[in-house]
Amino acid sequence: MSTTASEQTAASVVVVDYGLGNLRSVTRGLERANASVTVSDDPGALDDADGIVLPGVGAFGDGMENAGPFRDALADAAAEGRPLFGICLGMQMLLTSSEEADREGQGDVTGLDLVPGRNRRFTGDVKVPHMGWNELDVTRDHPLVEGVDGQYAYFVHSYYADPDSDDHVVAETDYGTTFPSVVANDAGNVFGTQFHPEKSGETGLRILRNFVDVCADQ
């Protein structure tokens, strides 16, 4: 475990270290957003956090296997109403299942099931993975996306979220098909971005600051 802090921080945030996250960039971005950040591989560290970040790069099946020890702690935090923010693969892990596990021959891999739905692979005449900058179209109010409608964020992914309910879609992006680029649960405390806010310049920093503000308001 490692801990970093700055003066007059707005909220304490735990970044989950399960072996597949871009931890350094995420931590740096959160610190710029005025959070006190703890990076931890201990599920018990989530107990006292104002907010939790689940980053991720790589395959859905590997992510769920590595994050297995955190499953109960993440579910408990979500049930308690604490903010839980999934980034890229971390966002996909918030859903129930993914076509990626089937495609990779990993069978039926169950996600965290905090946002009911399935992750699907891009099809049609588009290059996969979707990589680069693309526009955010905010479709409903949520504090995470305040001030970013029409702005651009940085994406790297081959699969996208397909929630069971349109009510769980907060923002959309077009890449051959219109897909959810930000999702949230019914209560609004569990949410995720398909893009990388830590790599998305001022737009990403605004989103991270919005997240820290949500954590501070708890």
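Which side chains meet in a salt bridge at 2.6 Å, N to O? They are those of Arg120 and Asp162. The close-ups below come from a predicted model.

Figure 1. The N to O distance is 2.6 Å. Asp162 is partly exposed, at 30% relative accessibility. Arg120 is partly exposed too, at 28%.

**Figure 2. Arg120 also meets Glu99.** This salt bridge spans 3.1 Å, N to O. It ties strand 7 (residues 117-121) to helix 5 (residues 99-103), with Arg120 and Glu99 21 residues apart. Glu99 has a relative accessible area of 26% and is partly exposed.

**Figure 3. Arg82 and Glu80 pair in a salt bridge.** Their side chains meet at 2.9 Å, N to O. Arg82 is buried, with a relative accessible area of 12%, because buried means under 20%. Glu80 is exposed, at 54%. The structure holds three salt bridges.

**Figure 4. The largest pocket is lined by 14 residues.** Its volume is about 230 Å³. Gly58, Cys88, Val156, His157 and Ser158 lie nearest the centre of the pocket. Helix 4 (89-93) and strand 10 (152-157) are the elements that each give two or more residues to the lining. The lining divides into five nonpolar, seven polar and two charged residues.

Notes:
Residues numbered from 1 in each chain as written. Predicted model: local features only at pLDDT ≥ 70, side-chain atom pairs only at ≥ 80, totals over all residues. Heavy atoms only, no water. 1 Å grid on protein atoms, 1.4 Å probe; cavity = no way out; pocket = protein on both sides within 12 Å on 5 of 7 lines; lining within 4 Å. Points joined across faces, edges and corners; volume = space filled by probe spheres on them. Helix = DSSP H or I, 4+ residues; strand = E, 2+ residues; numbered from the N terminus. Nonpolar A, V, L, I, M, F, W, Y, C, P; charged D, E, K, R; others polar. Salt bridge = Lys/Arg side-chain N within 4 Å of Asp/Glu carboxyl O. Buried < 20%, exposed > 50% of the residue type's maximum accessible area, 1.4 Å probe, protein only.
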